[in-house]
Amino acid sequence: MDYICIKICTNVQEIQFKMTIEEIINKVEYGDYPVLAEMLGVRNPQTAKKRFLRGDDKAKEAMEIIVTTRENMIKTFKTA
C-alpha cells in the first residue's frame with residue numbers, strides 16, 4: 001500500500017494526513033482534477049489525473065490536500 005503523510009501547520013490548528021491512494025481515489029469528486037492540474041502547474045486536468053494514478057508523489061500529496069480540505073470545509077460549514 002502507498003501511504004502519504006504530510007503535515008500542514010496553520011495559525012489555528014495542526015493537521016496531519018495519511019491516506020492510501022485507494023482511499024483518496026474513493027473520495028475524488030468532480031472538479032478535483034482541474035484543481036490538481038493548477039497545483040501541479042500543468043494545463044490539462046487529464047495530465048494531472050494520469051500523474052496521480054501513476055503514483056507521482058507530488059500529485060498524491062496534492063490530491064490528498066484537495067480531498068481533506070474539502071471535507072474539512074464542509075464539516076466546518078455544517079457545524080457553524
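Biologist: Before we start, what does buried mean here?
Modeller: Buried means under 20% relative accessible area. Keep that cut-off in mind. Also, this is a predicted model.

Biologist: OK. Is Y33 buried or exposed, then?
Modeller: Y33 has 17% relative accessibility, so Y33 counts as buried.

Biologist: And what about F52, buried or exposed?
Modeller: F52 counts as buried, because its relative accessibility is 0%.

Biologist: How many aromatic pairs does the structure hold?
Modeller: One aromatic pair. The partners are Y33 and F52, with ring centres 6.5 Å apart. Their planes sit at 55 degrees, so the pair is tilted.

Biologist: Why give both a distance and an angle?
Modeller: A pair of aromatic rings is described by the distance of the centres and the angle of the planes.

Biologist: Where do Y33 and F52 lie?
Modeller: Y33 is in helix α2, residues 32–40. F52 is in helix α3, residues 45–53. The pair therefore ties together parts that are 19 residues apart in sequence.

Biologist: At what angle do α2 and α3 pack?
Modeller: At about 85 degrees, and their axes are 8 Å apart. The two helices, α2 and α3, are therefore roughly perpendicular to each other.

Biologist: Which residues meet there?
Modeller: From α2, there are Y33, P34, L36, A37 and L40. They meet P45, A48, K49, R51 and F52 in α3.

Biologist: How many of the residues in that contact are nonpolar?
Modeller: Eight are nonpolar. Two are charged, and no polar residues take part.

Biologist: Let's zoom out. How many helices and strands are in the chain?
Modeller: The protein chain has four helices and two strands. Starting at the N terminus, the order is β-β-α-α-α-α.

Biologist: What share of the chain is buried?
Modeller: Of the 80 residues in the protein chain, 31% are buried. The chain exposes about 5,900 Å². Carbon and sulfur atoms supply 51% of that area.

Biologist: New topic: V67. Where is V67 found?
Modeller: V67 is found in helix α4, residues 57–79. Its relative accessibility is 0%, so V67 counts as buried.

Biologist: What is V67 in contact with?
Modeller: Leave aside its neighbours within four places in sequence. Then V67 is in contact with M19, I24, K27, V28 and D32.

Biologist: How many residues apart are V67 and V28 along the chain?
Modeller: They are 39 residues apart along the chain, and 6.6 Å separates their C-alpha atoms.

Biologist: What share of the chain's contacts with a separation of 6 or more comes from residues 24 or more positions apart?
Modeller: Such residues account for 47% of those contacts.

Definitions and conventions:
Residues are numbered from 1 along each chain as its sequence is written. This is a predicted model: local features need pLDDT of at least 70, side-chain atom pairs count only at pLDDT 80 or more; totals for chains, interfaces and linings use all residues. Side-chain values use heavy atoms; hydrogens and water are left out. Rings of Phe, Tyr and Trp (its six-membered ring) pair if their centres lie within 6.5 Å; planes under 30 degrees apart count as stacked, over 60 as edge-to-face and the rest as tilted. Buried means under 20% relative accessible area, exposed over 50%, partly exposed in between (1.4 Å probe, protein chains only). Axes are lines fitted to C-alpha atoms, for helices over the stretch in contact, and angles run from 0 to 180 degrees between N-to-C directions. Angles under 35 degrees count as roughly parallel, over 145 as roughly antiparallel, 65 to 115 as roughly perpendicular and the rest as oblique. Contact means heavy atoms within 4.5 Å. Ala, Val, Leu, Ile, Met, Phe, Trp, Tyr, Cys and Pro count as nonpolar, Asp, Glu, Lys and Arg as charged, and the others, Gly among them, as polar. Accessible areas come from the Shrake-Rupley method with a 1.4 Å probe; for residues, only the protein chains shown count as cover.
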